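Trainee: Could you walk me through how to read a structure like this one? I'd like to start with the chains and then go to helices and sheets.

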Number of protein chains: 2
Amino acid sequence: MYSNNDQFKERRIRAVKEDVRKGGSELSRSALEDLLDYAEACDVADTNELKSELLDLAMQMQLARPSMLVLWNILQRWIERMSGMPMGDLAEARQFAAAQARDLATSSVQAVKKITQQVSPQIVPGSIIMVHSYSTTVMQILESIEGIECKVIMTESRPGIEGRRMARTLSELKIPTTYITEAQIGNFIYKADLVLMGADSVLVDGSVINKAGTYLMALAAREVRVPFWVVAESYKHSSRTVSETELEEMEADELQLPSIDFVTPRNVYFDVTPAELVSAWVDENGYRTSYSKPSEPMPAGLLKET
Amino acid sequence: MYSNNDQFKERRIRAVKEDVRKGGSELSRSALEDLLDYAEACDVADTNELKSELLDLAMQMQLARPSMLVLWNILQRWIERMSGMPMGDLAEARQFAAAQARDLATSSVQAVKKITQQVSPQIVPGSIIMVHSYSTTVMQILESIEGIECKVIMTESRPGIEGRRMARTLSELKIPTTYITEAQIGNFIYKADLVLMGADSVLVDGSVINKAGTYLMALAAREVRVPFWVVAESYKHSSRTVSETELEEMEADELQLPSIDFVTPRNVYFDVTPAELVSAWVDENGYRTSYSKPSEPMPAGLLKET
């Protein structure tokens, strides 16, 4: 039993908020693990209190990262399932809540596996694959194509430098990798045969919300006709439009700019890639090469005013 | 008199090689100052030795930064003028060489002034101007429009972080400035009314060689129809084509990536922006809004092989 429910919740919510290194799928699965732990061990008197504690934690984790759609969707699915919780016996209720979290985590892992099974056979041996930021889905695909002598070109992903983690993982896979700044994307894109991009979310019109810089890579890829594939499980699909989307902004301290009068650093972590720049979307159910609705232009209100 | 000519030359050549923070015009003018100093004070016995020493320094400075075209062109002009050096009297010869350097530096300063005089009146009061890297020409334009309430959006310019110097100068001018990573260019470009871009060189077809990231900003500007103006004195105009151009690459250490097996960091400092992405080129002689020859595609051999 946790002696202090609030302390546990606070710690887990802060972790969700601050873990800007993890991709969406990974963070969602760790949030499900938190719910599983809390279901099994939080200090409550009865099933009503349990349900209320669990829903509180789930909802607060949702709100901790408003632009991380997959987190929202998976937790929402779990919250919906909580309406079926058996309310007679506390142990049984705990078991039910934990089992639902386990089941959703498994289905998310399965989804990524199915994406990998679809994408891997399409990759021509010897290809040069360009990637950006850290994506567990992209990493699993790269892991699955070991031995077909592909190379990778990757970005450092300022300011979070998720690129280092990506580089270390690629190194373990012994994949020859070129590591560049975002500014060099235009210099290297024409060497690539394929861009493999994870996503934070795929909007209703097929636009992709992902780490800032994704849009620039998509623009550069189109110029040299390099296919741009977005790999994202269906939990990342949203019914939202671009204008209903808020792009998450982090502390500007991360840019390490000393304080200068009249100068305001900004640290928007995500950007929007319109559907027309995407060659294919892949989720666990298959491929999609177009969206019927035309992609919306970037609305003026998407960022806070400068 | 310099007691040791070689030491002076070596120091100045190294400075030219290593000063990757300075823009092309600025670096060229400081190279001319070095020639002026050396003309006045190098330790030689006669005019023949003087000429040989001076040409040696000038040519070694040219070779120190092969992709910095303006440096090459200005020093080439100076070298050509040395054929008119009076060879009778040493003091007179020194004076001649120094005067030529002074004259070329002045004409470069004048060129930038003329560019400023042309561009400034075109800028609508209250405009938001987007810039990238450090350019003295762009800075002079921004200085000249003080009081018309413009704002600036600028990039940090990894890995050299020339952005900090730009930010400090803009702060002195009290211009409200937004400072972003290169990755956020796509998030902010649609707020801009105009991109003002310096150049390292303008090739024969109008393509622009400039700090890496310039091409991405140009692509993003075209998407949202923000005019993209290149401001570059005519010393930066080249008769070379894209395929005759080598993009300067700096030490990859600057990326501060720890050594990781199979992972090679790359640090290409420049990129190529094709002419069709440029709305206008401005030099001291006027505006140009198109080049007759179609722009060349990026040839595969432009970068060293990965």
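This is a predicted model: local features need pLDDT of at least 70, side-chain atom pairs count only at pLDDT 80 or more; totals for chains, interfaces and linings use all residues.

Trainee: Through which surface do the copies meet?

Mentor: They meet through the same surface, because 100% of the interface residues of chain B are also interface residues in chain A.

Trainee: Okay, helices next. How do I describe two that pack together?

Mentor: You give the angle between their axes and the distance between the axes.

Trainee: Is the crossing of α1(B) and α3(B) right-handed or left-handed?

Mentor: Right-handed. On the α1(B) side, the contact residues include Phe8(B), Lys9(B) and Ile13(B), while α3(B) brings, among others, Glu53(B), Asp56(B) and Leu57(B). Sort the residues of this contact by type and you get 6 nonpolar, 2 polar and 4 charged.

Trainee: Can we try another pair, this time in chain A?

Mentor: Look at α2 (residues 24-41) and α4 (residues 69-81) of chain A. Their axes cross at roughly 35 degrees and come within 8 Å. The crossing of α2(A) with α4(A) is right-handed.

Trainee: Which residues of α2(A) and α4(A) make the contact?

Mentor: From α2(A) there are Gly24(A), Ser25(A), Leu27(A), Ser28(A), Ala31(A), Leu32(A) and Leu35(A); from α4(A) come Val70(A), Leu71(A), Ile74(A), Leu75(A) and Trp78(A). By type, that contact has 9 nonpolar residues, 3 polar and no charged.

Trainee: And sheets? What holds the strands together?

Mentor: Strands of a sheet pair through backbone hydrogen bonds, and the pairing is either parallel or antiparallel. In chain A, 3 strands make an open sheet with antiparallel pairing, in the order β5-β6-β9.

Trainee: Which strands stand at the edges?

Mentor: β5 (201-202) and β9 (270-273) of chain A do. Each has a single partner strand, so one side of each is left without a neighbour in the sheet.

Trainee: Over how many bridges do β5(A) and β6(A) pair?

Mentor: Over 2 bridges, in the antiparallel sense, with β6(A) covering residues 208-211. For Val202(A), the bridge partner in β6(A) is Val208(A).

Technical notes: Residues are numbered from 1 along each chain as its sequence is written. Chains are lettered from A and ligands numbered from 1 in the order in which they are written. Side-chain values use heavy atoms; hydrogens and water are left out. A crossing is left-handed if the near helix is turned anticlockwise from the far one by less than a right angle, and right-handed if clockwise. Helices (H or I, at least four residues) and strands (E, at least two) are DSSP runs, numbered from the N terminus. Contact means heavy atoms within 4.5 Å. Ala, Val, Leu, Ile, Met, Phe, Trp, Tyr, Cys and Pro count as nonpolar, Asp, Glu, Lys and Arg as charged, and the others, Gly among them, as polar. Two strands pair if DSSP finds at least two bridges between them. Axes are lines fitted to C-alpha atoms, for helices over the stretch in contact, and angles run from 0 to 180 degrees between N-to-C directions.
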